[in-house]
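Biologist: I would like to go through this model piece by piece. Please show it first, and then I will ask about it.

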Amino acid sequence: PYPPSPTFQPVLERIATEIGQTPGRGRPADYIPALAACDPRRFGMAVAEIDGTVYGVGDWRQPFSTQSITKVFTLALDLAREGDELWEHVGREPSGNPFNSLVQLEYENGIPRNPFINAGALVVTDRLQTRTGDAAGTLLAFLRAESGNAELTFDKEVAASEATHGDRNAALAHFMASYGNIDNPVPVLLEQYFRQCSIEASCADLALATSFLARHGLRADGSRLLTQSQAKQVNAVMLTCGTYDAAGDFAYRVGLPGKSGVGGGIIAVVPGRCTLCVWSPGLDERGNSVAGVAALDRFTTLTGVSVF
Ligand code: GLN
């Protein structure tokens, strides 16, 4: 549906210049020391075309903490294995609540609202753990294969720090376990989840790893991970739930399926065309990168490329 474009490089450069001139761009996540130390002025942005061409600006090759961006990949990896049965254990409605909220779980019998709030992501990782015996390892292998970067790895310091400050996630997991919605022992699940969140990758790596969602389910090697319909479903859940209680504003401003993480990264998908990843560690009060959302907003505004 889009006219062929050799490259979005000039648009990226314009955006980087504009962002560089905008002061005051949020604060890094401070719940663990490893994230609090990030410089909020860092900024990188990459585009991956569906043929695997990737380019970018700024710190687009700098690894950062992927955090909740990984929830997209665990969702896809589990959906590919168990199909629709997953949706009996996690919903697909926006929560309108913060990413680490507990409040809706009691009313909804331990079934989290969607796979992208922490409660829902814990359920997905639990189910992937049951099916693979190593959820975080399965995720890492997938990210390495799709990005072509065999050096991607866990940040042990971040994973340990998550565990030390993990009371909220532990509470979510135990609470859902009390409803029978967690299969593995909670400590096993938490270890997998914290390792998952600690994976370091760059904008280039993540834009490439997300490409299967722009290719309607096809992986980099041409094999199929998701059916066309499942790829559509994952994109839809990203659009409605990918930026927590700011998903409405993100859809309004950016108009693309997207997923943020508290490391300051955001991935976004233009189905049939390309994927984007932007990184800047300063967050707004809902946990989304301020400069990241602004950059994606400018990208879709300047190019006219969006799902609308
Ligand atoms: N590791 C973080 C947590 O579970 C991930 C949250 C996020 O990126 N929104 O609290």
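**The sheet and its neighbours**

Modeller: Met45 stands opposite Val278 in S8. The model is a predicted one.

Biologist: In what order do the five strands of the open sheet lie?

Modeller: The strands pair in the antiparallel sense, and the sheet is open. Its edges are S2 (54-58) and S6 (258-260), each of which pairs on one side only. From one strand to the next, the twist averages 10°. The order is S2-S1-S8-S7-S6.

Biologist: Which helix packs on the sheet, touching S1 and S2?

Modeller: The direction of this helix makes about 20° with that of S2. The helix covers residues 9-20, and its name is H1.

Biologist: How many bridges join S1 and S8?

Modeller: S1 spans residues 44-49 and S8 spans residues 274-279. One of the pairs is Glu49 with its bridge partner Cys274 in S8. The two strands are antiparallel, and the number of bridges is six.

Biologist: Which residue in S8 is the bridge partner of Ala268?

Modeller: S7 (residues 265-270) pairs with S8 in the antiparallel sense over six bridges. Within S8, Gly265 has Trp279 opposite. For Ala268, the bridge partner is Leu276.

Biologist: Which residue in the turn between S7 and S8 has a positive phi?

Modeller: S7 and S8 form a hairpin, with three residues between them. The phi in question is about 80°, and the residue is Gly272.

Biologist: How many of the six residues of S8 are buried?

Modeller: In a regular strand, side chains alternate between the two faces of the sheet. On one side of S8 are Cys274, Leu276 and Val278, and on the other are Thr275, Cys277 and Trp279. Both faces are covered. The number of buried residues in S8 is six.

Biologist: Is S7 mostly covered or mostly exposed?

Modeller: Gly265, Ile267 and Val269 point one way from S7, while Ile266, Ala268 and Val270 point the other way. Six of the six residues of S7 are buried, so the strand is mostly covered.

Biologist: How many residues lie between the strands in the hairpin of S6 and S7?

Modeller: S6 and S7 run antiparallel and are joined by three bridges. Ser260 stands opposite Ile266 in S7. In this hairpin, Gly264 takes a positive phi near 100°, and the number of residues between the strands is four.

**Helices, a lysine and the ligand**

Biologist: Are H5 and H9 roughly parallel or roughly perpendicular to each other?

Modeller: Two packed helices are described by the angle and the distance between their axes. The axes of H5 (residues 118-132) and H9 (residues 186-198) come within 10 Å and cross at roughly 110°. Angles of 65 to 115 degrees count as roughly perpendicular. H5 and H9 are therefore roughly perpendicular.

Biologist: Is Lys71 buried or exposed?

Modeller: Lys71 lies in H3 (residues 70-82). Leaving out residues up to four places away in sequence, Lys71 touches Pro115, Phe116, Ala121 and Lys259. A residue counts as buried if 20 or more other C-beta atoms lie within 10 Å of its own. Lys71 has 31 such neighbours, so it is buried.

Biologist: How many residues of the shell around the ligand are charged?

Modeller: The residues around the ligand include Gln67, Phe99, Glu162, Cys197 and Gly287. By class, the shell has three nonpolar and seven polar residues, and the number of charged ones is one.

Notes:
Residues numbered from 1 in each chain as written. Predicted model: local features only at pLDDT ≥ 70, side-chain atom pairs only at ≥ 80, totals over all residues. Near = placed C-beta within 6 Å. Nonpolar A, V, L, I, M, F, W, Y, C, P; charged D, E, K, R; others polar. Axes fitted to C-alpha atoms, helices over the stretch in contact; angles between N-to-C directions. Parallel < 35°, antiparallel > 145°, perpendicular 65-115°, else oblique. Pairing = 2+ DSSP bridges. Contact = placed C-beta atoms within 7 Å. Buried ≥ 20, exposed ≤ 12 C-beta atoms within 10 Å, placed from the backbone.
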